[in-house]
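Please look over the structure shown here, first as a whole chain and then at two individual side chains.

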Amino acid sequence: MARGMILALMLCLMAAAVKGEDPYIYYTWNVTYGTISPMGIPQQVILINGQFPGPEINSTSNNNVVVNIFNNLDEPVLFTWSGIQHRKNSWQEGTLGAQCPIAPGTNYTYHFQVKDQIGSYFYYPTTGLHRAAGGFGGLRIFSRLLIPVPYADPADEYWVLIGDWFAKSHTTLKKFLDSGRSLGRPDGVLINGKTGSLEPQYTMEPGKTYKYRICNVGLKDSLNFRIQGHPMKLVEMEGSHVVQNSYDSLDVHVGQCFSVLVTADKEPKDYYMVASTRFTKKDLTGTAIVRYSNGNGKASPELPPAPVGWAWSLNQFRSFRWNLTASAARPNPQGSYHYGQINITRTIKLVNTVSRDNGKLRYALNGVSHVDTETPLKLAEYFGLADKVFKYNIISDEPSATVAGVTLAPNVVNATFRNYIEIIFENPGKTVQSYNLDGYSFFAVAIEPGKWTPEKRKNYNLLDAVSRHTIQVFPKSWAAIMLTFDNAGMWNLRSEQAENRYLGQQLYISVLSPERSLRDEYNIPETQLLCGIVKDLPKPAPYTI
């Protein structure tokens, strides 16, 4: 009888294990306006639970993250989770092409899983120019305990959210763009929403090593980051463990995140942390104080200089290498995926341009400046009404040698499910570009000066390019990325520069599974907001296995 009871208990435990889900973590956000003085002048900002920057999302690989957002602004709002892949779930992407915005005075609950991911990321509002008012914060994903990390546990971890900042309100800046003007130059650089304070933001104990998670959450400028007298060991970049080189400073382009280790092995006193603009006529600088716990001296007023020119930045990019022997979110080493041996099935070349339409400034990719639609693209597609909202593939994979004028329209590229695709970004302009692709990580195989040709493939890094979700493109240069489009959904590819994105330098990539199966994509959530032409329509038949 005891044997039978034990067998029954084992069967119950096995059944529970089969039904078990990954852990859930819950957050409730109250999104409001508030008045603070980041640049010493009172201005309206966006607060989350009264905080600027917003609260951290602290998760572990495979966690289910549930964020209930109450919108107490006077405008609709959406939040995106930059770098989170949302496997099979573009419903939670948080862009106007995938979701209806959260109306003022209402709430919406995001539910997404950080499936097979680790690393440093951040969230921010994608509607209008809300990002210029704040609403951003860090999103951390720890490795599971059973997955080894290729460095010792640090004594502590710190967020470093750096970004350029405008003293004007987001509504004023939006009016500039709507009237055809540019945003102009930022007014300063913030570190965690502050600049120039002599009170310490960070404290280190002598002899111990600390992890700093650095993200450029700004609107326009690449920033160089350094800590006075302290080299930084780069260990992770946008979800990938990297070869652990040491750097005196790092160029962090808009939208990018790095994790570094810093050891407190210098004279015990205060030191300046510095973030300054790159590739600008006038340098803007933000500082913060790092204090040794037993220190009694002030930081030297002589700030470490930033490098000059973008050739230095290009060479730094080339020094970033994937750690092939380290495991990331899964037990298998990163290098077990041989991306360089996969045949390319399609090449898409994207050229950014800037022009004027009826006297108003517009940015475009391959001559098309994206326009958001009242009905989100994903909803139109899911309800079988895509032809009433947008047309697929109005840009070609190979743009013409000269792009005359600009077309304002929803810009949607159709990608075949599970195809391995090469995307070339070509920048004929005079400023650095920075791009982000939602729903995926890709291999950043090359950045070079000049124009891309097929012969340039011989210069690709096909062994240990870093898998990441952002890529910068220097002036008069090109960048190449490679990836498999195996995540069904509607995914935003956008300029991370707020002005460029708002005025059309973005597109969406539609990845449809021919099977219409839950194996490839989740059904529309029951709580998903509906708007536009689908607002009062019955939902289509759900996908099945």
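## Overall dimensions and architecture

This is a predicted model, and the protein chain in it contains five helices and 33 strands. The C-alpha trace spans about 85 × 70 × 55 Å along its principal axes. The radius of gyration of the protein chain is 23 Å, which agrees with the value near 24 Å that a compact globule of 545 residues would have.

Of the 545 residues, 57% count as buried. When contacts in the protein chain between residues at least 6 apart in sequence are considered, 77% of them join residues at least 24 apart.

## Surface and charge

The accessible surface of the protein chain comes to about 22,400 Å², and 54% of this surface belongs to carbon and sulfur atoms. The chain carries 52 positive and 46 negative side chains, and the centres of these two sets lie 2 Å apart.

## Q99, in the loop between β5 and β6

Q99 is placed in the loop that runs between β5 (79–82) and β6 (107–113).

The side chain of Q99 makes polar contacts with the backbone at two places: it reaches the backbone nitrogen of G94 at 2.7 Å, and the backbone oxygen of W91 at 3.4 Å.

## N366, in the loop between β22 and β23

N366 is found in the loop between β22 (360–365) and β23 (368–370). With a relative accessible area of 11%, N366 is buried, because this value falls under the 20% cut-off.

Which backbone atoms does the side chain of N366 reach? A polar atom of this side chain lies 2.9 Å from the backbone oxygen of K349, and the side chain reaches the backbone oxygen of S396 at 3.2 Å. Leaving aside neighbours within four places in sequence, N366 is in contact with K349, L350 and V351, and also with I395, S396 and P399.

Terms used:
Residues numbered from 1 in each chain as written. Predicted model: local features only at pLDDT ≥ 70, side-chain atom pairs only at ≥ 80, totals over all residues. Heavy atoms only, no water. Helix = DSSP H or I, 4+ residues; strand = E, 2+ residues; numbered from the N terminus. Polar contact = N/O pair within 3.5 Å; in protein donor to acceptor, adjacent residues only side chain to side chain. Rg over C-alpha atoms; globule rule 2.2 N^0.38 Å. Buried < 20%, exposed > 50% of the residue type's maximum accessible area, 1.4 Å probe, protein only. Contact = heavy atoms within 4.5 Å. Areas by Shrake-Rupley, 256 points an atom, 1.4 Å probe, with all protein chains shown as cover. Lys, Arg positive; Asp, Glu negative; His and termini not counted. Charge placed at Lys NZ, Arg CZ, Asp CG, Glu CD.
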